[in-house]
Amino acid sequence: MKILVTGSNGFIGKNLISRLKWMDDMTVFSYDIGSSPEDLATYAKEADIVYHLAGINRPQKEEEFMEGNRDFTKTLLDTLKEVRNTHAKIAVSSSIQAELDNPYGNSKRAGEELVRSFSEENGNPCVIYRFPNVFGKWCRPNYNSVVATFCHNIARELPIQVNDPETLLHLVYIDDVVDELIFCMSDKEHVRDGYGFVPCVYDIKLKKLSEMIYSFAASRKNLYLPDFSEGFEKKLYSTYLSYIPEDDFSYPLVMHEDERGSFTEFLKTAERGQVSVNISHPGVVKGNHWHNTKNEKFLVVKGEGLIRLRRIGSSEVTEYRVSGDRLQVVDIPCGYTHSIANIGDDDMATVMWVNEVFNPEKGDTFHEEV
């Protein structure tokens, strides 16, 4: 299949092309503002499907709305007609703003009308998508996406502006948009009331959006992961990470060190406990305590260790020899006093998961030798 993408350097265009390049038997023609009319004619003649994503939404002059959204659409359609392409399917990226009486909305609606007329006259099938606000990686901040602006600024500790906290946003994620455009390629697009649509739309108020993104920034210090059980927060978090400056990808952890080694908290969750890294020097024994409700999983990833467990009230001891050379998880049930000893010649590193975040007011930890 041969695919023409207009606006190939734009937000949606970049994401779509990056997906198409990983698909088999696809030839992608990229057309953007630096391309020539000759390029357009060549691509239009061979295209099996046209993703018309080019447009303008923040011009310096109001009349540029029509030039960028209506007039270029006409140029594209005229070119398809000139090269006698009557089979290419046309998928158009329009906007919910087309429902409104404003310069941008009027220009997008005018482009839609041209495409519908062309489809009726020339025979090319068409799908017009009135996308709500699209968010995700590679979207330009301080341009047309409040999500991109908030992510960019908060990641750099710059101020954001919330004019009306109660403003309700309708958002679609870029990967969901790309999925829908791929569906359209095989005639599996979602259509309602004559327009294509992305089935997964998220509604969120502006204040809640800003609070959520601020919590992502704070997570690099308090170590709490977001709630990924809901699709929107998962997608927004992925978006936020893509706006972190490249020289700020890493962040330090607090290492609690003593003569035995160190203990460092890595990740925390409100629902599923926390993950820590424990370093033990040779000959060191840690633990010798038990819990009522708290339970753990130990995974030695470096060195050699001996994990010993004894059920409270019993004299029988269970032992597990563990090594970073053969990864295995050892469950530490509640009601068992337990210890872990470094029996090797080098430092031993253990990844530890516990089912709850440490609460100093309810430690649930009781000393007793194994």
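This report walks through the aromatic pairs, nonpolar cores and strand pairing of a predicted model.

## Aromatic pairs

Let's start with the rings. A pair of aromatic rings is described by the distance of the centres and the angle of the planes. Counting Phe, Tyr and Trp rings whose centres lie within 6.5 Å, the model comes to 11 aromatic pairs. Take Y31 and F72: their ring centres are 5.7 Å apart and their planes meet at 10°, so this pair is stacked. Y31 belongs to strand β2 (residues 27-31) while F72 belongs to helix α3 (residues 64-82), so the pair ties together parts that are 41 residues apart in sequence. Both partners are tucked away: Y31 is buried at a relative accessible area of 9%, and F72 is buried at 17%.

Now for F216 and Y237. Here the centres sit 5.2 Å apart and the planes are at 80°, so the pair is edge-to-face. This pair also links distant parts of the chain, with F216 in helix α7 (residues 206-222) and Y237 in helix α8 (residues 231-241), 21 residues apart. F216 counts as buried, with a relative accessibility of 1%, and Y237 is buried too, at 16%.

## A cluster, and charges over rings

Aromatic residues also group up: F135, Y173, Y202 and F232 make one aromatic cluster.

Some rings have a charged neighbour instead. R116 places its charged end over the ring of Y195, 4.8 Å from the ring's centre. Likewise, K137 lies over the face of W138, and the distance to the ring centre is 4.7 Å.

In soluble globular proteins, nonpolar side chains tend to be buried together. In this model, the largest nonpolar core has 48 residues, and the ones touching the most other members are I12, L16, Y51, V177, L209, F232 and L236. Helix α6 (residues 174-185) gives this core its largest share, seven residues.

What does L236 touch, leaving aside residues up to four places away in sequence? The list is F135, V147, L209, M212, I213 and F216. Some of these names have come up already: F135 is part of the aromatic cluster, and F216 is the ring that pairs with Y237. Apart from this core lies another one, of 19 residues, including Y43, A44, L76 and F118.

## The six-stranded sheet

Strands of a sheet pair through backbone hydrogen bonds, either parallel or antiparallel. In what order do the six strands of the open sheet run? The order is β11-β12-β13-β20-β15-β18, with antiparallel pairing. The edges are β11 (255-258) and β18 (329-332), each of which pairs on one side only. From one strand to the next, the twist averages 20°.

Zoom in on β13 and its partners. Strand β12 (residues 261-269) runs antiparallel to β13 (residues 273-280), and eight bridges join them. β12 and β13 form a hairpin, with three residues between them. Within this pairing, T264 stands opposite V277 in β13.

β13 also pairs with strand β20 (residues 348-354), again antiparallel, through seven bridges.

Terms used: Residues numbered from 1 in each chain as written. Predicted model: local features only at pLDDT ≥ 70, side-chain atom pairs only at ≥ 80, totals over all residues. Heavy atoms only, no water. Phe/Tyr/Trp six-rings, centres within 6.5 Å; stacked < 30°, edge-to-face > 60°. Helix = DSSP H or I, 4+ residues; strand = E, 2+ residues; numbered from the N terminus. Buried < 20%, exposed > 50% of the residue type's maximum accessible area, 1.4 Å probe, protein only. Lys NZ or Arg CZ within 6 Å of the ring centre and 35° of its normal. Pairing = 2+ DSSP bridges. Core = buried A, V, L, I, M, F, W, Y, C linked by side-chain atoms within 4.5 Å. Contact = heavy atoms within 4.5 Å. Axes fitted to C-alpha atoms, helices over the stretch in contact; angles between N-to-C directions.
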